[in-house]
Amino acid sequence: MPEMYLLDLWEEYKPEKKADMIKILNGYLSQCSTENQPTMRAWWWYWDPTPSSLDILIYMVPSRFDSVAYMYDSTGDFAQDGSDGQTLIGPGNKPSIAEVYTRPYTATVMANLVFHEAMHMKLKKGNSMHALGGVASATVPTKVGLSKTNISAMKSALLKPVTQWSDGIAQVRARQQSGLP
Ligand SMILES: [Zn+2]
């Protein structure tokens, strides 16, 4: 079954908030599932996943200054969402890297931001994606819920392979252990 892996690399969120976010995301993923296809599941991941191109890896880091995508390529094609997150959109089979910043928002807004970056990644669209509205909007809703347009866009997109990059996990851990900011 394809997985959505969320990595709280700096262990900033409490278990309750994480559980609330996962519940919302799993609701979204089952709404976007296609008949006869296994539903994607969302998890908080505590060790290093080896994601396939059908999985979605979401790096949760404090801010853009801790960007994982920039470690891979800071000059690529980015969908940028201000201080909330960004997604590197890789050309062809090059990796796409989604990251969300651990802002002090509610679990609902954070889940919406995670899904928003997953949409940028899976649809391989930059800021033009915001025109889809709903959770794809430039400012994500504060309530739980996908629009019909969000669901139809992600239903087909979830089945499309997008290369993931998990080497960022080891690079972040090495940086944390070195004590450098
Ligand atoms: Zn966006």
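This is a predicted model: local features need pLDDT of at least 70, side-chain atom pairs count only at pLDDT 80 or more; totals for chains, interfaces and linings use all residues.
1. Overall dimensions. Taken along the principal axes, the box filled by the C-alpha atoms is roughly 45 × 40 × 30 Å. Of the 181 residues, 35% count as buried. Among contacts with a separation of 6 or more, 66% are between residues 24 or more positions apart.

2. Strand E3, residues 56–61, deserves a look. In this strand, 6 of 6 residues are buried. In a regular strand the side chains alternate between the two faces of the sheet. In E3 both faces are covered: Ile 56, Ile 58 and Met 60 are buried on one side, and Leu 57, Tyr 59 and Val 61 are buried on the other.

3. Strand E3 has parallel partners in E1 and E6. Strand E1 (residues 3–8) is joined to E3 by 5 bridges, and the two run parallel; here Tyr 5 stands opposite Leu 57. Strand E6 (residues 97–101) also runs parallel to E3, through 4 bridges, with Ala 98 opposite Ile 58.

4. The largest nonpolar core holds 45 residues, and those touching the most other members are Met 4, Leu 6, Leu 25, Ile 58, Val 114, Phe 115 and Ala 118. At least two residues of this core come from each of E1, helix H1 (15–31), E3, E6, helix H3 (107–123) and helix H4 (148–157). The largest share, 9 residues, is supplied by H3. In soluble globular proteins, nonpolar side chains tend to be buried together.

5. Leaving aside neighbours within four places in sequence, Leu 25 is in contact with Met 4, Ala 42, Ala 111, Val 114 and Phe 115.

6. Asn 93 lies in the loop between strand E5 (85–88) and E6. Is Asn 93 buried or exposed? A residue is exposed if 12 or fewer other C-beta atoms lie within 10 Å of its own; Asn 93 has 9 such neighbours and therefore counts as exposed. Asn 93 and Ala 138 are 45 residues apart in sequence, and their C-alpha atoms are 26 Å apart in space.

Terms used. Residues are numbered from 1 along each chain as its sequence is written. A residue is buried if 20 or more other C-beta atoms lie within 10 Å of its own, exposed if 12 or fewer, and partly exposed in between; C-beta atoms are placed from the backbone. Two strands pair if DSSP finds at least two bridges between them. A nonpolar core is a set of buried Ala, Val, Leu, Ile, Met, Phe, Trp, Tyr and Cys residues joined through C-beta atoms within 7 Å. Two residues are in contact if their C-beta atoms, placed from the backbone, lie within 7 Å.
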